[in-house]
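Please walk me through this model. Begin with the ligands, then turn to the domains and the helix packing.

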Amino acid sequence: MVTAKAWVLKKHFEGFPKTSDFDQKMIELPNLKDGELLLESVFLSVDPYMRPYSQRDMKEGDIMIGTQVARIVESKNPAFTVGAFVVARSGWRTHFISDGKDLQHLPPNWPESLPKSLALGTVGMPGLTAYFGLLEVCKMKPGETVLVNAAAGAVGSVVGQLAKIGGCKVVGCAGSDDKVAYLKKIGFDEAFNYKTVTSLDEALRKASPDGYDCFFDNVGGEFASIAINQMKKFGRIAVCGAISQYNVSMPQKGPYLQVPMIFQELQMKGFIVTRWNNRWEEGLKALLKWVMEGKVKCHEHVTEGFENMPTAFIGMLKGENIGKAIVKA
Ligand SMILES: NC(=O)C1=CN([C@@H]2O[C@H](COP(=O)(O)OP(=O)(O)OC[C@H]3O[C@@H](n4cnc5c(N)ncnc54)[C@H](OP(=O)(O)O)[C@@H]3O)[C@@H](O)[C@H]2O)C=CC1
Ligand SMILES: CCCCC/C=C\CC(=O)/C=C/C=C/C=C\[C@@H](O)CCCC(=O)O
């Protein structure tokens, strides 16, 4: 018998999550039935979506939602061999049993030299979010100017690099000087620390005096309300996330967006990356190629130890990460 450890949501979050909102429990796993396989989590993802989704989709006592790269430890399913690695959506646990239907093999030709944890980041859901958000929502064109916030994160850092590959000028903002230095290192044309600039409006105008064709919004809130006024005619806004709102206790009343939307005839479109589930193979193949060619640089913020999942999650929400925040079990 295998005993799995799991993190459960002990208490729904009020404002920023606290470690006391989580509880660890032990789960005795049964022996495998025909067609089943036993997996061990090797890398686990901590993502912003877990904050709003836990409120909407979870009840207290549930195992925290999430994805992991897992190794097959035992198999009674001929489609999966012991020792192989897959991406699963089994939540915050060290071991779990699957019938194989909810598992994704790593993209074919995954180089031995490439960390498998990237399947949770640049060559995974966040990378695909950047890929489809830019291509299908922003519909960026060569020569355009792209703005992205939370730019040093798992999604934002890929947005900036894909926009450069697409022949665009790229402006990014992030919450520390180290992150700004990282943005410049990976090829952003302009980058600034939104926490230290005296005026966000001036910083945006200085970075691109003619304004922005595409705005890839990961943050929402006040930033978006200011940035929208610097969109060019017929600009496109991809509403990817609103992380500035996930941890607020009271919904904030922001300035209203209708006037610039009308005058600049803007398009503003929300999206969830699972919309393109049937094209994930296409996106992963492209992302893997660009990573192997060195055109997309990857960075991971690794927290060691399954016991530190809550701390890693809270740290990511507080902006401690450059690149994808993951936990090495
Ligand atoms: N629509 C979709 O399908 C998907 C949407 N998303 C969304 O994309 C966004 C980025 O996700 P991801 O790349 O995984 O996360 P990141 O790796 O970017 O980590 C979150 C980052 O958000 C920034 N942040 C946190 N709080 C605030 C705040 N109050 N104001 C401004 N910035 C803040 C921090 O960076 P900083 O130092 O810059 O403050 C932090 O590092 C999130 O909103 C997420 O919900 C992600 C995946 C799929
Ligand atoms: C204040 C309300 C905010 C609403 C937007 C919330 C989140 C946007 C976002 O981050 C979306 C992420 C989507 C992730 C998609 C696929 C997965 O890998 C996670 C799916 C979760 C699950 O069902 O397991």
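**Ligands, domains and a helix pair**

The shell around ligand 1 takes at least three residues from each of domain 1 (2–121 + 298–328) and domain 2 (125–274). These bounds come from an automatic or database domain assignment. The model is predicted: local features need pLDDT of at least 70, side-chain atom pairs count only at pLDDT 80 or more, and totals for chains, interfaces and linings use all residues. Residues are numbered from 1 along each chain as its sequence is written, while chains are lettered from A and ligands numbered from 1 in the order in which they are written.

How confident is the predictor? pLDDT is its confidence in each residue, from 0 to 100. The mean pLDDT of the chain is 96, and 100% of its residues reach 70 or more. For the complex, the ipTM is 0.95 and the pTM is 0.97.

Back to ligand 1. It has 30 residues around it, and G153, V155, G175, G241 and G319 come nearest. A residue counts as near if its C-beta atom, placed from the backbone, lies within 6 Å of the molecule or strand. Helices α2, α7 and α10 (309–317) are the elements that give two or more residues to this shell. Helices (H or I, at least four residues) and strands (E, at least two) are DSSP runs, numbered from the N terminus. The shell around ligand 1 holds 18 nonpolar, ten polar and two charged residues. Here Ala, Val, Leu, Ile, Met, Phe, Trp, Tyr, Cys and Pro count as nonpolar, Asp, Glu, Lys and Arg as charged, and the others, Gly among them, as polar.

Ligand 2 is surrounded by 15 residues, of which Y49, P52, R89, M125 and Q245 are the closest. Helices α1 (50–57) and α7 (243–246) each supply at least two residues of its shell. That shell has ten nonpolar residues, four polar and one charged. Ligand 2 lies between domain 1 and domain 2, because both give residues to the shell.

Now the domains themselves. The C-alpha centres of domain 1 and domain 2 are 29 Å apart. Their contact takes 15 residues from domain 1 and 16 residues from domain 2; two residues are in contact if their C-beta atoms, placed from the backbone, lie within 7 Å. On the domain 1 side, five are nonpolar, seven polar and three charged.

Last, a helix pair. Helix α2 (residues 125–138) packs against helix α9 (residues 280–292) at about 100°, with axes 10 Å apart. Axes are lines fitted to C-alpha atoms, for helices over the stretch in contact, and angles run from 0 to 180 degrees between N-to-C directions. The two helices are therefore roughly perpendicular, a term for angles of 65 to 115 degrees.

How values were computed. Angles under 35 degrees count as roughly parallel, over 145 as roughly antiparallel, 65 to 115 as roughly perpendicular and the rest as oblique. pLDDT is the predictor's confidence in each residue, from 0 to 100.
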